[in-house]
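Subject: Structure handover and what turned up in it

Hi,

Here is the structure for you to open alongside this email. My notes on it follow below.

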Amino acid sequence: MKLTVLNDNTSAKGLINDWGWSVLVESKYRFLFDADTRGEVLVHNSKVLGVSLENLDFAVLSHWHYDHYGGFPLVAQLNPGLRLYAPPGGRIEGLSVFEVISPGEIADGIWTSGALDGFEQAVGVGTPFGLVIIVGCSHPGVDRLTEALLEASGYEKAYLVIGGFHYPSRRTLDRLAEIAEFMAPAHCSGDEAKAYVRKNYPEKFVEVRTGTILEV
């Protein structure tokens, strides 16, 4: 399984970025999780990183905030009719939006947490090492999203949780550390949260920025 961070708030040389989040997931399926704010950011970075935004199997939207869905109109141009798994509340012209409400398996070995609080979902991808969980902004709590995915998938513990942790409390991070082997706070996690994980759980901390590529 390969994760390519197409955009994060933290920049990298040769790439462009803005406030947003987008990850290309390549495993049994190729899918895009969130699509940043601007399609041109995704196009530029995908070319530099040598990955294609075409021929996707599906896409996933964590929640209907612009810094997560702004690039999907361009993705629709490259993948007309592509299925987008999203919480209730919006539409993207050119994409076939499938509303996600309850937790469950959306593809073989890929689970959704369901739309927690009717608002936001995360996804979990099964790997030989364990469940890799990708979150958007974690408004309902990164620990709650992780727990929902563990329950839906049957895994006892997450191998990796990556994405926006939404300025979590120390208690939330401590709880996440109990149920995740590795933690990769990004996007809206905040410097304080990153510093806390790095200091208190150095063996679990994974640094993430625009252009990060993780292979599991």
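First, a definition for the accessibility figures: buried means under 20% relative accessible area, exposed means over 50%, and partly exposed is in between, using a 1.4 Å probe and protein chains only. Please keep in mind that this is a predicted model, where local features need pLDDT of at least 70 and side-chain atom pairs count only at pLDDT 80 or more, while totals for chains, interfaces and linings use all residues. Residues are numbered from 1 along each chain as its sequence is written, and side-chain values use heavy atoms, with hydrogens and water left out.

Salt bridges

A salt bridge here is a side-chain nitrogen of Lys or Arg within 4 Å of a carboxyl oxygen of Asp or Glu. By this rule there are nine salt bridges. To place them, I use helices (H or I, at least four residues) and strands (E, at least two) that are DSSP runs, numbered from the N terminus.

One of them pairs Arg-144 with Asp-117, at 3.2 Å from N to O. Arg-144 is in helix 4 and Asp-117 in the loop between strand 8 and strand 9, so the pair links distant parts of the chain, 27 residues apart. Asp-117 is exposed, with a relative accessible area of 58%, whereas Arg-144 counts as partly exposed at 36%.

Helix 4 also supplies Glu-147, which forms a salt bridge with Arg-175, the closest N and O atoms being 2.7 Å apart.

Another salt bridge brings together the side chains of Asp-108 and Lys-28, at 2.2 Å from N to O. Asp-108 lies in the loop between strand 7 and strand 8, and Lys-28 in the loop between strand 2 (22-26) and strand 3 (30-33), so the pair ties together parts that are 80 residues apart in sequence. Asp-108 counts as partly exposed at 45% relative accessibility, while Lys-28 counts as exposed at 58%. There is also a network of salt bridges that links Asp-18, Arg-38 and Glu-40.

Strands of a sheet pair through backbone hydrogen bonds, either parallel or antiparallel. Two strands are taken as paired if DSSP finds at least two bridges between them. In this model, six strands form an open sheet in the order 7-8-9-10-11-12, with mixed pairing. Which strands stand at the edges? They are strand 7 (104-107) and strand 12 (180-186), each with a single partner strand, so one side of each is left without a neighbour in the sheet. Neighbouring strands are turned by 25 degrees against each other on average, direction ignored; axes are lines fitted to C-alpha atoms, for helices over the stretch in contact, and angles run from 0 to 180 degrees between N-to-C directions.

Helix 4 (residues 142-153) packs on this sheet, touching strand 7, strand 8 (110-112), strand 9 (123-127), strand 10 (130-135) and strand 11. Contact means heavy atoms within 4.5 Å. The direction of helix 4 makes about 140 degrees with that of strand 10.

Strand 9 is mostly covered, with four of its five residues buried. Strand 9 runs antiparallel to strand 8, joined by three bridges, and antiparallel to strand 10, joined by five. Val-125 is the bridge partner of Ile-110 and is also paired with Val-132 in strand 10. Two residues lie between strand 9 and strand 10 in their hairpin. Further along, strand 11 (residues 158-164) and strand 12 run parallel and share six bridges, with Gly-164 opposite Ala-186.

Around strand 3

Both faces of strand 3 are covered: Arg-30 and Leu-32 on one side and Phe-31 and Phe-33 on the other are all buried. Strand 2 and strand 3 pair in the antiparallel sense over four bridges, and a hairpin joins them through three residues. Phe-31 is the bridge partner of Val-25.

Strand 3 also pairs with strand 4 (residues 58-60), in the parallel sense over three bridges, and Phe-33 stands opposite Val-60. The chain crosses from strand 3 through helix 1 (residues 39-49) to strand 4, and this β-α-β crossover is right-handed, meaning that, with the strands pointing away from the viewer, the path from the first strand over the helix to the second runs clockwise.

Happy exploring!
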